[in-house]
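Hello,

Here is the structure I promised to pass on to you. My notes on what turned up in it follow below.

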Amino acid sequence: MRQNNWNNDWADVIPPNLSEPDAYNNFFYPDLCHVCKGTNGGNLILCNECLSISYCSVEHKHLHREDHTEFCVNMKKFLRLRSKYEKYSPSRVDWVNSRRDLLRIMKKEMRRLLMPCEEEMIMFAKSCYVCFQEFDLKVCNICYSASYCEQHEQQFLIKHNKHCPDLTFCLNLEMRLAGIKFDYDFSIFPDDMRHVDDMESFVKNYCCWVMFPEFWTSKEYFYTDFVSTPLTVYYGMIKAEIDILNGHTQCFVCHVITSSYLEADYAAAWELLLHGLHEIKELTVVLIGLEPKAENSCFDLCRKCKEHGRSLKFEFSRMLHHEYINNPLNKRPNVIIRFDVDLHDEVTLIDVLSSLRCPNFFISTSESIAQEIKTTLRNLTEESYCPMYSRRNNFRSFQPRRDFKTGTIYYRNNYVTIYESFSCNT
Ligand SMILES: [Zn+2]
Ligand SMILES: [Zn+2]
Ligand SMILES: [Zn+2]
Ligand SMILES: [Zn+2]
Ligand SMILES: [Zn+2]
């Protein structure tokens, strides 16, 4: 398995070539100038209103002012909330919960979707890696992803050093991917992809930019992220030997229950499922749980799909899943896909237990989350429900992401658990 075996090209963090205007809003690091992602030798100007964002120069501060003002005004109201953490050392759990609370409050206050960088300003707010206090900190000047207070320098070094290379790689990748648009042409995919076993061989076979398969560039890492969910579903069905089409289905409906807009951003990748399950003519993916970002959309598919008269539609529903399926006007699913399900949450639990009779995919970032889901469901249903398939996912993303919950990194779609059918409902 590839574990970030990057070559020397990856040794240095290269500031991004931000040809797209506003591409800097794609990501946020508290110790980099938000606009140019430079460090200015550590001499950054902190926004003196919200104390959450920095710039290398007055020019860059001005450049970002219009985008930042609304968030800044709202964030300033909650400085009081933050200062309470000066008084005691919260545990990591407390701190993570405080981030979630603040995110929820800010979304409500601003009455709009937060930009990715605004969410990150809350999740990746500067705090000591050990005690979580937020003032007078030094940053790791290799990965720029973790900070420490004077008192905790030694503990920080011990805890952080083993994660620093991964976090540096993550920053490096974000820098290189900022503002880049990718072209892809799915017509190179054959209608039978069964001989491919994992993401690495998928990239090797079907990623048209790979010159030296042993050394991936940022494009390949991005690509694995882009195609991971539909491939996880396709290969999951093969591995679990699910006869999902029941022989004669031409229309196929996926319910995707998620809180992440990435699934919406990567919508076009679902065309791969039309290639894999080539009996399908019409694929509809319903994203459930998200505010519609765009109108329901149809996609311009590849030459091959057009020749076969295939179509791919994307729909949004902000309803909860159990509300959605009880509405007779809505489309019944052939498969249900859920991400990082938290069964401690009552609404989620109702959602899962009132699911329809069709395969249910639980996709998780970690084995422990997957394990918890299995255990909880087994206990709740008195062992009547066992997954037909549960293992590390060969088609996970290889693009690392910062994890505010652990201060390390994670990969999307790392683990997959499939239940054949999940309910007494018909
Ligand atoms: Zn700058
Ligand atoms: Zn501000
Ligand atoms: Zn500390
Ligand atoms: Zn570091
Ligand atoms: Zn196609």
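Helix α7 (residues 199-206) packs against helix α8 (residues 218-239) at an angle of about 115 degrees, and their axes are 11 Å apart. Helices here are DSSP runs of H or I with at least four residues, strands are runs of E with at least two, and both are numbered from the N terminus. Axes are lines fitted to C-alpha atoms, for helices over the stretch in contact, with angles from 0 to 180 degrees between N-to-C directions. The two helices, α7 and α8, are therefore roughly perpendicular to each other (65 to 115 degrees; under 35 is roughly parallel, over 145 roughly antiparallel, the rest oblique). On the α7 side the contact is made by Met-199, Phe-202 and Val-203, and on the α8 side by Glu-220, Tyr-223, Thr-224 and Leu-231; residues are in contact if their C-beta atoms, placed from the backbone, lie within 7 Å. These residues divide into five nonpolar, one polar and one charged (Ala, Val, Leu, Ile, Met, Phe, Trp, Tyr, Cys and Pro count as nonpolar, Asp, Glu, Lys and Arg as charged, and the others, Gly among them, as polar).

A word on the basis: this is a predicted model, where local features need pLDDT of at least 70, side-chain atom pairs count only at pLDDT 80 or more, and totals for chains, interfaces and linings use all residues. Residues are numbered from 1 along each chain as its sequence is written, while chains are lettered from A and ligands numbered from 1 in the order in which they are written.

Another helix pair is α3 (residues 92-110) and α4 (residues 116-123), whose axes come within 9 Å and cross at roughly 140 degrees. Here Arg-99, Leu-102, Leu-103 and Met-106 of α3 meet Glu-119, Ile-122 and Met-123 of α4. That contact has five nonpolar, no polar and two charged residues.

Now to the sheet. Eight strands form an open sheet with mixed pairing, in the order β7-β8-β6-β5-β9-β10-β14-β11; strands pair if DSSP finds at least two bridges between them. At its edges stand β7 (297-298) and β11 (389-392), each with a single partner strand, so one side of each has no neighbour in the sheet. Strands β5 (residues 251-257) and β6 (residues 282-288) run parallel, joined by seven bridges, and His-255 stands opposite Val-286 in β6. Helix α14 (residues 367-380) lies across β10 (360-364), β11 and β14 (415-419), at about 20 degrees to β14.

Best wishes

Definitions and conventions:
Contact = placed C-beta atoms within 7 Å.
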